[in-house]
Amino acid sequence: MSATVITGIGELVTNDPAREGLVGLVTDAAVVIEGSRVAWVGPAAEAPTADTHVDAGGRAVIPGFVDSHSHLVFAGDRAAEFAARMTGEPYTAGGIRTTVAATRAATDEQLTSHVARLVVEMRRQGTTTVEIKSGYGLSVVDEARSLAVARLFTDATTFLGAHVVPADTDPDAYVALVTGPMLDAAAPHARWIDVFCEEGAFSVDQARAVLAAGAAHGLRGRLHANQLTYGGGVLLAAELGLVAVDHCTFLSDADVEALSDSGTIATLLPGVEFSTRQPYPDARRLLDAGVRVALASDCNPGSCFTSSVPLCIALAVREMRMSPAEALHAATAVGAAALDRDDVGVLAPGKQADLVLLDAPSYLHLAYRPGVPLVTGVWQAGRPVL
Ligand SMILES: [Zn+2]
């Protein structure tokens, strides 16, 4: 197995709990990659030799981002809806139906090439692990093929048939479809099941029924909850002990306490609030209560069409009072935990060699230099891909 040693790393973020501080910084560091794995991490002066040598030139290296929430399988765009929103129209869940019509009309090849383009776009910005949801098919055939397309790009696929009730459809009949034939067709391609639990989408009781049906098919649950209004979604996630509940913008004290007690990760998606001009979730309140917080892009054509985790980090630091270390940790190690993965998001021997080289001396520049494309090298499972 051929080995590569990267030396001259001015600042290495390991996220290794065995090292000091939240992000386990090592300065003047080196990393050895063997095959798809990290073989060695430590001071450059002690680095073993390897077949290939890369000099980072004093720049920073971080774990690849783990984007635990995205909706990449769709067709069309909603730029006009965005423009209307920016001139005063509110965001509602109903816009999803526009994308559903475009997605149903697209061929498998069109959907696949569109996802491929977005995955490359993400990689250029440092994302090496991505979760991808269905949710713009909303028919048995279109949900199953959306997940089959997603599965070409990631193991972390999520069935989101319960995204919104399609136009001219009875809600109860639709839940019966989602928990019946649609789930049967989707389950072979999915690892997770998700529900948009929100006014205008699905109620807590409907979400509970969908998650229970998914569990019976071996799919683990996650939820979109408390994005636009207060509601019972976060409490349901905590009660069911879900790994993660996403959005968490409108939280009562009871919601925060339940998250803290259950250990359910709150995945915050600040690109959505940025793009919909809504109030940001209170990350500080969650962190101070001991809740684990992840950051993800929620890349989708409606409420947030950014694929940039660095933008989310900058927003989390600037607008949500997370420290730069908390934000980076949330977008790597905690994102991995939100997908029930411990082999990514961390740079330590035995972990997957997903590394990002920044054109900056410190990871602090991710928030300090918002909007600047700092990612200058990416290794994915040990292979240089940028
Ligand atoms: Zn979402």
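This is a predicted model: local features need pLDDT of at least 70, side-chain atom pairs count only at pLDDT 80 or more; totals for chains, interfaces and linings use all residues.
Student: Where is confidence lowest in the chain?

Tutor: Helices (H or I, at least four residues) and strands (E, at least two) are DSSP runs numbered from the N terminus. The top value, 99, belongs to strand 6 (residues 65–67). At the other end, with a mean of 89, is helix 1 (residues 79–86).

Student: How far apart are the C-alpha centres of domain 1 and domain 2?

Tutor: The bounds come from an automatic or database domain assignment. Domain 1 covers 3–64 + 345–384, and domain 2 covers 66–338. Their C-alpha centres are separated by 29 Å.

Student: Which element gives the largest share of the side of domain 1 that touches domain 2?

Tutor: Residues are in contact if their C-beta atoms, placed from the backbone, lie within 7 Å. On that basis 20 residues from domain 1 meet 23 residues from domain 2. On the domain 1 side, strand 5 (60–63), helix 14 (365–368) and strand 16 (375–380) each give two or more residues. The largest share, three residues, is from strand 16.

Student: How many residues on that side of domain 1 are nonpolar?

Tutor: Ala, Val, Leu, Ile, Met, Phe, Trp, Tyr, Cys and Pro count as nonpolar, Asp, Glu, Lys and Arg as charged, and the others, Gly among them, as polar. The side holds four polar residues and one charged residue, and its nonpolar count is 15.

Student: Are helix 5 and helix 6 roughly parallel or roughly antiparallel?

Tutor: Axes are lines fitted to C-alpha atoms, for helices over the stretch in contact, and angles run from 0 to 180 degrees between N-to-C directions. Angles under 35 degrees count as roughly parallel, over 145 as roughly antiparallel, 65 to 115 as roughly perpendicular and the rest as oblique. Helix 5 (residues 171–186) and helix 6 (residues 204–216) pack at about 10°, with axes 9 Å apart. That angle is why the pair counts as roughly parallel.

Student: Is the crossing of helix 4 and helix 5 left-handed or right-handed?

Tutor: The axes of helix 4 (residues 140–151) and helix 5 come within 8 Å and cross at roughly 25°. A crossing is left-handed if the near helix is turned anticlockwise from the far one by less than a right angle, and right-handed if clockwise. For this pair, the crossing is right-handed.

Student: Which residues of helix 8 make the contact with helix 7?

Tutor: The axes of helix 7 (residues 233–240) and helix 8 (residues 253–262) come within 9 Å and cross at roughly 20°. Helix 7 brings Val-234, Leu-235 and Ala-238. Facing them from helix 8 are Ala-254, Asp-255, Ala-258, Leu-259, Asp-261 and Ser-262.

Definitions and conventions: Residues are numbered from 1 along each chain as its sequence is written. Two residues are in contact if their C-beta atoms, placed from the backbone, lie within 7 Å. pLDDT is the predictor's confidence in each residue, from 0 to 100.
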